[in-house]
Amino acid sequence: MAYLEKVTSAKTDYSNLNYSLVCLGIFEDKELTSAQQKFDDAANGALSDVLENEDFRGESGQVEVLHFTQENLPKRLLLVGLGKKDNFNLNEMRKAAGTAVRNAQSRKIETFAVELFGSEASDNSISEQTQAVTEGLMLGSYQFTEYKTQDKDKIFLSKEAVILSENEVNSKDIERASAIARASMFARDLASYPSNELTPGRMADEAKKIAKRGGFKCTVYDREQFEKMGMGGLGGVAKGTDEPPKFILMEYNGGKKGDAPVAFVGKGITFDSGGISIKPSKSMDEMKFDMCGAGAVLGIFHAIADLKPEINGIGIAVSTENMPGGHAYKPGDILKAYNGKTIEVLNTDAEGRLALADGLSYASKEYNPKYMVNFATLTGAAVVALGHRATAIMGNDDDLVKDIIDAGEYTGERCWQLPLWDDYSQDMKSEIADVKNIGLQGAGTITAGAFLKEFVGETKWAHLDIAGTAWWSEDQPYVPKGPSGVGVRLIMRWLDQLPK
Ligand code: BES
Ligand code: ZN
Ligand code: ZN
């Protein structure tokens, strides 16, 4: 993975900004802050001159460049639009920072400076603003270039971004945000790797590395072991592949001894061909991303290893390929999950829920968690319903769901709740087994959630269908085209807000 090496800060009144590039934020009202005014004075009114023109309107994401040759001025000044003051929030700050770093990289600038964009109009603390700008800078700089052997000169990574502020910026905030951004980008990397590289075995190795670094336990169960333990869901899905499947378990104890843990469970299908109910070949390559749920869980533990929050946490990744091999499970087969429930498989492409059935029932039975949250690129229907802009969230505890939605508003990883009424569970009843793995026509995201609900017992639980949010097909200010790493920042915020 490649990203900005460091974010630093400098206390300044803007009268002497001797950088190759300085990025300033401008709202649609085009009012200058006192520091920007100082800069304008030093630049003989060059800034206010440009703002008088209509071509730069300060709209969110709009940019304009000015060049200078004077000693005490930067070589280039990048104006970044911040939109309307009324709409301003931390996510606009992250977006401005992402726009700034991408612009710096396109100009091949090693060291550049940015403001705490729009700070004067923000209701958030300087600490929160610093974290948002740091996140935007790091996440926006991300590139996955490992497989490029040619045109290497086109690849450029900036080295350092300096946050300018009239007040002292706390380096602890930069460190915390950097750790969380690195964890999100680690999750992005896992998604970027193709399935011939990122096998379930490699996932398990990555989990072990994280656990070693964080000083916590990681146990990996192989096919024979987890089948013997009663995990017929994951076992069933894994029957058609020769690539060894893994049940990955991480146990972190940062909280009080005996306190119920928070459990995270992720769908880790490293490639989803659909199995015997095979997918059309068009876009099948995209299904290397079907492990993003497990990627989020590993990413969360990556951040936990660095930040050591005061909680007890369980992380589970259920990982296998879904392939149509000679031993593959077939439509009509009946599987038995870890909690003993039997499942009639009517479509082998609805495999994620089968693997998750074991992960969820294992966590709920063995750990009796305080909360359980799962992530999965579970249904194409989630993309139809919400596109890429929001994760579909459902659960059996409205307070938990609401708290996660709030965390999403804060981090910009938005979630939107779908109903999980008992009527939907009726639609998942099988004639021959306890449940079936597909519902009636329609509401595909909800029926998948209703299926999962069968495996959570009494545990307070939320299901996040990230099928639409795990991957962007177009550049976003701080999510370059490709995997987003969704879930990591969201959960780190949620954990931060949990009553201690
Ligand atoms: N991994 C897919 C979900 C998916 C599909 C994510 C397209 C993103 C884009 C999942 O395993 C799947 O194939 N789900 C089926 C379920 C259906 C057979 C009930 C789907 O969504 O079509
Ligand atoms: Zn599938
Ligand atoms: Zn899938």
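**A buried threonine, and onward**

Tutor: Happy to. T411 is buried, with a relative accessible area of 3%. Keep in mind that this is a predicted model.

Student: Where is T411 placed?

Tutor: T411 is in helix α12, which covers residues 398–411.

Student: And which residues does T411 touch?

Tutor: Leaving out residues up to four places away in sequence, T411 touches N91, R94, Y478, R489, L490 and R493.

Student: I'm curious about α15 as well. How do the axes of α5 and α15 cross?

Tutor: Helix α5 (residues 171–192) and helix α15 (residues 488–497) have axes that come within 9 Å and cross at roughly 140°. That angle makes α5 oblique to α15.

Student: Which residues make the contact?

Tutor: From α5 there are R176, I180, A183, S184 and A187, and from α15 there are V488, R489, M492 and D496. By type, the residues of this contact of α5 with α15 divide into five nonpolar, one polar and three charged.

Student: OK, another helix pair. At what angle do α6 and α9 pack?

Tutor: Helix α6 (residues 200–214) and helix α9 (residues 292–307) pack at about 15°, and their axes are 8 Å apart. Angles under 35 degrees count as roughly parallel, so α6 and α9 are roughly parallel to each other. In passing α9, α6 makes a left-handed crossing.

Student: Which residues meet there?

Tutor: On the α6 side they are M203, E206, A207, I210, R213 and G214. On the α9 side, A294, G295, L298, F301, H302, A305 and D306 meet them. The residues of the contact of α6 with α9 divide into seven nonpolar, three polar and three charged.

Student: Now rings! How many aromatic pairs are there?

Tutor: The count comes to 18 aromatic pairs. In one of them, the ring centres of F216 and F301 are 5.8 Å apart and the planes are at 65°, so the pair is edge-to-face.

Student: Why does that pair tie together parts that are apart in sequence?

Tutor: F216 lies in the loop between α6 and β7 (217–221) while F301 lies in helix α9, so the pair ties together parts that are 85 residues apart in sequence.

Student: Are F216 and F301 buried or exposed?

Tutor: Both F216 and F301 are buried.

Student: Which residues do ring pairs link into a cluster?

Tutor: The cluster linked by ring pairs holds F216, Y252, F264, F301, Y371, F375 and W494.

Student: Let's change topic. How many residues of α14 are buried?

Tutor: Helix α14 (residues 444–453) is mostly covered, with eight of its 10 residues buried. Those buried residues are T445, I446, T447, A448, G449, A450, F451 and L452.

Student: Tell me about L452. What does it touch?

Tutor: L452 is in helix α14, and at 0% relative accessibility L452 counts as buried. Not counting residues up to four places away in sequence, L452 touches R353, L356, L360, N374, L378, W461 and H463.

Student: Next up, E351. Where is E351 found?

Tutor: E351 is found in the loop between β12 (342–344) and α10 (352–367). E351 is buried too, with a relative accessible area of 1%. Not counting residues up to four places away in sequence, E351 touches V237, K267, I269, D272, D290, N322 and Y329.

Student: And which residues does K279 touch?

Tutor: With residues up to four places away in sequence not counted, K279 touches D272, S273, G274, M284, M287 and D349. K279 sits in the loop between β9 (262–272) and α9.

Student: Last topic, the backbone. What is phi of S283?

Tutor: Phi of S283 is near 70°, a positive value in a residue other than glycine. For context, most residues other than glycine have a negative phi. S283 is in the loop between β9 and α9, and at 31% relative accessibility S283 counts as partly exposed.

Student: And what about phi of D151?

Tutor: Phi of D151 is near 55°, a positive value in a residue other than glycine. D151 is in the loop between α4 (126–141) and β6 (160–165). With a relative accessible area of 48%, D151 is partly exposed.

Student: Great, thanks for the tour!

Notes
Residues are numbered from 1 along each chain as its sequence is written. Chains are lettered from A and ligands numbered from 1 in the order in which they are written. This is a predicted model: local features need pLDDT of at least 70, side-chain atom pairs count only at pLDDT 80 or more; totals for chains, interfaces and linings use all residues. Side-chain values use heavy atoms; hydrogens and water are left out. Axes are lines fitted to C-alpha atoms, for helices over the stretch in contact, and angles run from 0 to 180 degrees between N-to-C directions. Helices (H or I, at least four residues) and strands (E, at least two) are DSSP runs, numbered from the N terminus. Angles under 35 degrees count as roughly parallel, over 145 as roughly antiparallel, 65 to 115 as roughly perpendicular and the rest as oblique. A crossing is left-handed if the near helix is turned anticlockwise from the far one by less than a right angle, and right-handed if clockwise. Contact means heavy atoms within 4.5 Å. Ala, Val, Leu, Ile, Met, Phe, Trp, Tyr, Cys and Pro count as nonpolar, Asp, Glu, Lys and Arg as charged, and the others, Gly among them, as polar. Rings of Phe, Tyr and Trp (its six-membered ring) pair if their centres lie within 6.5 Å; planes under 30 degrees apart count as stacked, over 60 as edge-to-face and the rest as tilted. Buried means under 20% relative accessible area, exposed over 50%, partly exposed in between (1.4 Å probe, protein chains only).
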